[in-house]
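The structure is shown first.

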Amino acid sequence: MQKYDELTEFLLRMGDSALVQAQRLCEWTGKAPALEEELALMNVGLDLVGQARNWLDYAAERIGDGHDADSLAYRRDERHFRNLLMVEQPNGDFAVTMLKQFFFDAWQYPMLTQLSKAKDERVAAIATKSLKEVTYHLRRSSEWVERLGDGTEESHQRMVKAIDALWRFSYEFVELSTQEQSLSEAHTIGDISSVATKWQAMVNDVFARATLTVPDAAQPFYLASRDGVHSEHLGFLLAEMQYLQRAHPNASW
Amino acid sequence: MYAQLVETGSKKLKTLEEMSPEERAFQERIDAEIKIEAKNWMPDSYRKTLIRQISQHAHSEIVGMLPEGNWVTRAPTLKRKLQLMAKIQDEAGHGLYLYSAMETLGADRDEEIEKLHSGRAKYSSIFNYPTLNWADMGAVGWLVDGAAIVNQVPLQRTSYGPYARAMVRVCKEESFHQRQGYEILLHMMRHGTEAQKEMVQDAINRLWWPALMMFGPSDEHSPNSAQSMAWKIKRHTNDELRQRFIDQTIPQLNVLGCTVPDPDLKWNEETGHYEFGDIQWEEFNRVIQGHGPCNTERLETRRNAIEIGAWVREAAVAHAHKKQQKQAVA
Amino acid sequence: MSQWTLFEVFIRSKHGLNHKHVGSVHAVDAEMAIENARELYTRRNEGVSIWVTPSASITATASDEKEALFDPSEDKVYRHASFYELPDEVGHM
């Protein structure tokens with residue numbers, strides 16, 4: 001599998017994760033449990049597509065070869081996507097969706113905080129802008145996790161099930177690749193070594209308020225999104241998202 | 001047009017002499033273009049008509065998200081995706097502005113939505129047609145939002161204050177929707193492949209007549225129009241608005257280099273208007289009565305969203321109560 | 001009955017201006033009402049500050065009180081600066 005340089009790979013990880021998470025949010029259109037949530041979910045989605053475009057633009061410039069953000073988003077196969085396994089998981093019910101969102105926000109928040117201090121100015125600028133948005137996303141998703149965990153017997157049970165379905169993919173939030181470590185140590189992207197503990201602390205705190213139990217640390221298996229080894233779901237997600245670009249390769253939209 | 005066939009409960013207008021003193025003062029206020037506000041006295045039939053019209057309008061915004069939701073996961077570029085998401089989000093917002101205006105009349109949002117879900121309330125017939133290719137996203141923005149704007153611009157001066165103010169907000173925000181749609185089509189026509197140009201013409205062919213039907217039946221078949229006009233809930237007749245829409249749309253169609261599926265369409269130099277062929281009102285009536293291509297699935301999607309999501313709303317209430325109790329103890 | 005409470009929303013559009021009533025939202029508590037108001041009424045940078053209050057807690061004047069409450073101030077022209085005529089040489093006051 002083709003790999004780019006360390007920074008480009010990292011940019012793809014940030015961009016692809018935001019994009020895939022946004023794509024899942026788009027699936028909620030017209031189906032949210034309250035009209036107010038239609039707006040809220042779409043707001044988060046809009047922020048994330050915007051972030052994805054910024055990361056992928058930068059990645060495309062580094063890759064060259066006539067690439068742009070659209071060609072990266074719409075013309076790569078799943079084997080070349082670097083998004084976190086968590087965000088490609090199906091939406092399930094609102095408990096699964098909100099828990100996924102929370103896990104992702106709780107990772108993005110400390111990550112972007114550190115990236116905003118990056119030596120690489122472009123990384124720092126994108127992170128600074130994104131961080132404002134993600135601060136609000138995290139506030140909303142952690143409130144929903146608390147509401148649903150603590151709300152009714154039914155909502156609590158649904159959250160327990162959601163944790164059971166999703167926790168297995170959480171190992172990616174707490175591990176750093178050697179490439180990321182070296183980027184971090186060189187301060188190209190800021191010191192991200194503390195992201196794992198901050199993610200865990202946030203989860204512990206919100207779960208406690210939500211009366212939910214934090215499971216033992218998830219053990220990795222051979223699925224590794226950094227190497228493009230994803231769950232079965234990503235292929236279908238991309239087939240849908242990329243359909244027009246694939247069916248009409250010479251078209252301009 | 002987002003509110004078609006709104007029942008007013010009266011087929012014949014009362015003269016000022018036939019009115020009670022209150023009714024008369026009310027009508028004189030409307031005639032003097034003074035806005036009616038929530039706390040003002042109003043005839044029961046005015047209140048009921050407004051609730052019906054505003055809720056229909058709101059339902060249309062909400063159901064109207066679905067034909068676009070059908071393509072938001074397949075938008076062809078990141079830019080198009082952002083535009084479409086923002087547009088869909090605005091529609092949810094416009095639905096909420098309208099429900100909010102409706103609630104000032106004492107109506108309950110959940111009850112009115114329940115009427116929609118049980119088939120007792122209407123929404124615009126246009127959203128019961130499918131969106132079959134990407135150009136439909138352009139044609140919906142250009143034609144459907146275009147028709148909506150023609151209808152909504154005069155509603156900014158409608159007699160009920162909260163409705164008029166909601167319309168001001170909606171019109172301001174919607175100005176980008178039509179341009180966004182038209183630009184999708186224009187780009188495909190000017191820079192697209194043959195297949196893309198075919199998509200555009202195909203979308204216009206399918207959506208043209210349903211868009212014209214959005215303005216509702218012709219004036220002689222709109223028994224409720226006279227009362228709504230007297231109350232200034234409605235400011236122009238269906239036929240006037242439809243003609244205005246056609247007159248402004250055909251030149252835009254020519255710029256695209258497309259046609260509409262109407263062999264009778266021609267410019268009338270004398271009247272300064274376009275003439276057009278007969279609208280299939282039988283089809284319109286069928287769609288309004290629930291037998292359009294997508295009525296069942298549109299309503300089912302909305303019903304499911306609210307019914308399946310009930311546990312979420314209940315959990316939020318339960319948690320808020322617990323939190324309140326904890327604060328009370330502390 | 002609605003499960004969620006109706007809140008009225010007031011937005012300060014710019015620093016230095018008053019909060020202005022813009023509409024309502026449904027929410028389970030004031031915190032959620034603020035967030036829902038933010039999503040609904042400030043999608044285009046329309047606000048720098050939001051107030052919410054349960055609709056039920058608002059007391060309004062009734063329309064038939066208009067004459068008693070507001071008409072008496074109509075003839076109090078001496079409350080307006082233009083009532084007082086000053087010679088031109090005084091200049092702007």
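## Helix H2 against helix H6 in chain A

In this predicted model, H2(A) meets H6(A) through Glu37(A), Ala40(A), Leu41(A), Val44(A), Asp47(A), Leu48(A), Gln51(A), Asn54(A), Trp55(A), Asp57(A), Tyr58(A) and Glu61(A). On the H6(A) side the contact is made by Arg122(A), Val123(A), Ile126(A), Ala127(A), Ser130(A), Glu133(A), Val134(A), His137(A), Arg140(A) and Trp144(A). By class, the residues of this contact are 11 nonpolar, 4 polar and 7 charged.

H6 of chain A spans residues 121-150, and its axis comes within 11 Å of that of H2(A), at a crossing angle of roughly 155°. An angle over 145 degrees counts as roughly antiparallel, so H2(A) is roughly antiparallel to H6(A). The two helices cross in a left-handed sense.

## Helix H2 against helix H5 in chain A

H2 (residues 35-63) also packs on H5 (residues 94-115) of chain A, here at an angle of about 40° and with the axes 13 Å apart. H2(A) and H5(A) are therefore oblique to each other. Their crossing is left-handed.

From H2(A), the residues in contact are Glu37(A), Leu41(A), Val44(A), Leu48(A), Gln51(A) and Trp55(A). They meet Phe94(A), Met98(A), Gln101(A), Phe104(A), Gln108(A), Leu112(A) and Leu115(A) of H5(A). The contact of H2(A) with H5(A) comprises 9 nonpolar, 3 polar and 1 charged residues.

Taken as a whole, the contact between chain A and chain B draws 48 residues from each of the two chains. About 4,300 Å² is buried between chain A and chain B, with carbon and sulfur atoms giving 69% of it. There are 3 salt bridges across this interface.

## The interface with chain C

Chain A contributes 11 residues to its contact with chain C, and chain C contributes 12. The buried area is about 1,100 Å², of which 51% comes from carbon and sulfur atoms. In chain A, the residues that lose the most area to chain C are Glu36(A), Leu39(A) and Tyr136(A), together 48% of what that side buries.

The side chains of Arg139(A) and Glu35(C) pair in a salt bridge, at 3.0 Å from N to O.

Which residue of chain A meets Arg139(A) in a salt bridge? Glu143(A) does, with an N to O distance of 3.9 Å. Both residues lie in H6 of chain A, 4 residues apart, about one turn of the helix. Over all chains the count is 47 salt bridges.

Methods:
Residues numbered from 1 in each chain as written. Chains lettered and ligands numbered in written order. Predicted model: local features only at pLDDT ≥ 70, side-chain atom pairs only at ≥ 80, totals over all residues. Heavy atoms only, no water. Axes fitted to C-alpha atoms, helices over the stretch in contact; angles between N-to-C directions. Parallel < 35°, antiparallel > 145°, perpendicular 65-115°, else oblique. Left-handed = near helix turned anticlockwise from the far one by under 90°. Contact = heavy atoms within 4.5 Å. Nonpolar A, V, L, I, M, F, W, Y, C, P; charged D, E, K, R; others polar. Buried area = accessible area lost by both parts, 1.4 Å probe. Salt bridge = Lys/Arg side-chain N within 4 Å of Asp/Glu carboxyl O.
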